[in-house]
Amino acid sequence: MGILEVQGINKRFGGLQALGDVNLDVQEGSCHAIIGPNGAGKSTLLNVLVGKLKPDTGTVKFEDKNVLGLKPHQINQLGISRVFQTPEIFGDLTVMENMLIPCFARRDGSYSLKAFIGIPSEKALNAEAEEMLDEVSMLEKRDMQASSLSRGDKRRLEMAMCLVQQPRLLLLDEPTAGMARADTNNTIELLKEIKEKRNITMAIIEHDMHVVFSLADRITVLAQGTPLVEDVPENIKGHPKVREAYLGEAQV
């Protein structure tokens, strides 16, 4: 049994079948990639997993607990964190101030920026924030305004903010979107380091096949909301169904 088990997920939007009988079994400690052409249902599936969408049928279990019907913040509290395609940070705050918010929230139970502002700085919170920034090589930029960071550094900051919550499953929605190749490669290395050091399970949606084949232990390919094939990366590259889904015609 995997840490995340998805069984028989179906979702329609009017006459459109967005997901059709999707099954997914993400093994603990692995990186499982979900790929497919545009409109394949990847984002819809991710929104089901984080509680933003309710499927028409099917089940989603995390560590054998049913998570369907839970709100996104409740799913987060169970140990599932999401990294968005566009980094979710507070641009008007410094890197350190951004980092202190999840540190405070984990202790206080509130993710309200209003609740955080004006709280006296505490040595324990500062030490925790500095430790996480150091882990993602951002400590030297602690006093920079977050909006001035590069795309890659914004992603590093967001990752640090996620890791403070000590997730056991990290859902990554195109984490290298909009990055230059150097930042993409740095993000790949960061994710490898995090996975190895913290033994965090990852499920990733990504269009960049360089990223997918650098990180994934297993890959599920979707096309028109339906799973085509699931296998290890080396068997996915030349699979005829995958080539047909991406190129539009069967390859001989």
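This is a predicted model: local features need pLDDT of at least 70, side-chain atom pairs count only at pLDDT 80 or more; totals for chains, interfaces and linings use all residues.
Arg 155 sits in helix H6, which covers residues 151–163.

Is Arg 155 buried or exposed? Its relative accessibility is 1%. Buried means under 20%, so Arg 155 counts as buried.

Arg 155 also has a charged partner. Its side chain meets that of Glu 158 in a salt bridge, at 2.3 Å from N to O.

The protein chain is divided in two. Domain 1 takes residues 1–79 and 168–252, while domain 2 takes residues 90–166. The contact between them draws 18 residues from domain 1 and 14 residues from domain 2. About 1300 Å² is buried between domain 1 and domain 2. Carbon and sulfur atoms give 55% of that area.

Polar and charged groups take part as well. Two salt bridges are counted between domain 1 and domain 2. The count of residue pairs in polar contact between the domains is five. Which elements supply at least two residues each to the side of domain 1 that touches domain 2? They are strand E7 (169–173) and helix H7 (181–198). Helix H7 gives the largest share of that side, with eight residues. By type, the residues on that side of domain 1 are nine nonpolar, four polar and five charged.

One more pair deserves a look. The side chains of Arg 198 and Glu 135 meet in a salt bridge, with an N to O distance of 2.9 Å.

## Salt bridges

How many salt bridges does a search of the whole structure find? The search finds twelve.

Helix H7 holds another pair. Glu 189 and Lys 192 both lie in this helix, three residues apart, which is about one turn. Their side chains form a salt bridge of 3.8 Å, N to O. Glu 189 is partly exposed, at 39% relative accessibility. Lys 192 is partly exposed as well, at 35%.

Next comes a pair from two separate elements. The side chains of Lys 195 and Asp 217 meet in a salt bridge of 3.6 Å, N to O. Lys 195 lies in helix H7, and Asp 217 lies in the loop between helix H8 (209–215) and strand E9 (218–223). The pair therefore ties together parts that are 22 residues apart in sequence. Asp 217 counts as partly exposed, at 34% relative accessibility. Elsewhere, salt bridges that share partners join Glu 130, Arg 142 and Asp 143 into one network.

## Glu 230 in strand E10

Glu 230 is found in strand E10, residues 226–231. Its relative accessible area is 29%, so Glu 230 is partly exposed. Not counting residues up to four places away in sequence, Glu 230 touches Asp 25, His 32, Arg 218, Ile 219 and Thr 220.

Two of these contacts are polar ones between side chains. Glu 230 pairs with Arg 218 at 3.1 Å. Glu 230 also pairs with Thr 220, at 3.3 Å. How far is Glu 230 from Met 99? Their C-alpha atoms are separated by 37 Å, and the two residues are 131 residues apart along the chain.

## Leu 53 in a loop

Where is Leu 53 placed? It is in the loop between helix H1 (42–49) and strand E4 (57–62). At 23% relative accessibility, Leu 53 counts as partly exposed.

Leu 53 touches Lys 11, Phe 13, Thr 44, Asn 47 and Val 48, again leaving out residues up to four places away in sequence. Ala 177 is 124 residues away from Leu 53 along the chain, and their C-alpha atoms are separated by 23 Å.

Conventions
Residues are numbered from 1 along each chain as its sequence is written. Side-chain values use heavy atoms; hydrogens and water are left out. Domain bounds come from an automatic or database domain assignment. Contact means heavy atoms within 4.5 Å. Buried area is the accessible area (1.4 Å probe) that two parts lose on being put together, summed over both. A salt bridge is a side-chain nitrogen of Lys or Arg within 4 Å of a carboxyl oxygen of Asp or Glu. A polar contact is a pair of N or O atoms within 3.5 Å; within protein, one must be able to donate a hydrogen and the other to accept it, and residues adjacent in sequence count only if both atoms are side-chain atoms. Helices (H or I, at least four residues) and strands (E, at least two) are DSSP runs, numbered from the N terminus. Ala, Val, Leu, Ile, Met, Phe, Trp, Tyr, Cys and Pro count as nonpolar, Asp, Glu, Lys and Arg as charged, and the others, Gly among them, as polar. Buried means under 20% relative accessible area, exposed over 50%, partly exposed in between (1.4 Å probe, protein chains only).
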